[in-house]
Amino acid sequence: MITRTTMSPAPVLGLFPAEPDPVAGCPTCRDLARRREAARAAGDGSRVSDCNVLIRAHPHGPRPGGRRG
């Protein structure tokens with residue numbers, strides 16, 4: 001027998017973080033942004049997300065607005 005349960009309260013899912021902006025003049029960021037747009041055009045949301053993670057993780061130090069990437 002399967003016991004069904006409910007969550008109380010319901011889980012709250014947050015929004016996706018804003019897409020990171022590539023750093024101007026960085027060839028790695030430019031390449032990742034190009035790959036991200038190609039993935040978006042192909043409907044590959046997983047690859048778009050992967051590119052966003054890589055752009056955020058690419059080391060450049062502090063960015064305007066407190067974001068790192």
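What follows is a short chat about this predicted model.

Biologist: What should I know before reading any values?
Modeller: This is a predicted model, where local features need pLDDT of at least 70, side-chain atom pairs count only at pLDDT 80 or more, and totals for chains, interfaces and linings use all residues. Residues are numbered from 1 along each chain as its sequence is written, and side-chain values use heavy atoms, with hydrogens and water left out.

Biologist: How many helices and strands are there in the protein?
Modeller: The protein has two helices and zero strands. Both kinds of element are DSSP runs numbered from the N terminus: helices are H or I with at least four residues, strands are E with at least two.

Biologist: How do the axes of α1 and α2 cross?
Modeller: Helix α1 covers residues 27-41 and helix α2 covers residues 45-57; their axes come within 8 Å and cross at roughly 165°. Axes are lines fitted to C-alpha atoms, for helices over the stretch in contact, and angles run from 0 to 180 degrees between N-to-C directions.

Biologist: Which residues of α1 meet α2?
Modeller: Leu32, Ala33, Arg35, Arg36, Ala39 and Arg40 in α1 meet Arg47, Val48, Cys51, Asn52, Leu54 and Ile55 in α2. Contact means heavy atoms within 4.5 Å.

Biologist: And by class, what is in that contact of α1 with α2?
Modeller: It has seven nonpolar, one polar and four charged residues. Ala, Val, Leu, Ile, Met, Phe, Trp, Tyr, Cys and Pro count as nonpolar, Asp, Glu, Lys and Arg as charged, and the others, Gly among them, as polar.

Biologist: New topic. Is Pro20 buried or exposed?
Modeller: Pro20 counts as buried because its relative accessibility is 5%. Buried means under 20% relative accessible area, exposed over 50%, and partly exposed in between (1.4 Å probe, protein chains only). Pro20 lies in the segment before α1, and its C-alpha is 9.5 Å from that of Cys51, 31 residues apart in sequence.

Biologist: What about Ala18?
Modeller: Ala18 is also found in the segment before α1, but Ala18 counts as exposed, at 58% relative accessibility. The C-alpha atoms of Ala18 and Asn52 are separated by 9.2 Å.

Biologist: And Thr28?
Modeller: Thr28 is in helix α1 and is partly exposed, with a relative accessible area of 36%.

Biologist: What share of the protein is buried?
Modeller: Buried residues make up 22% of the 69 residues.
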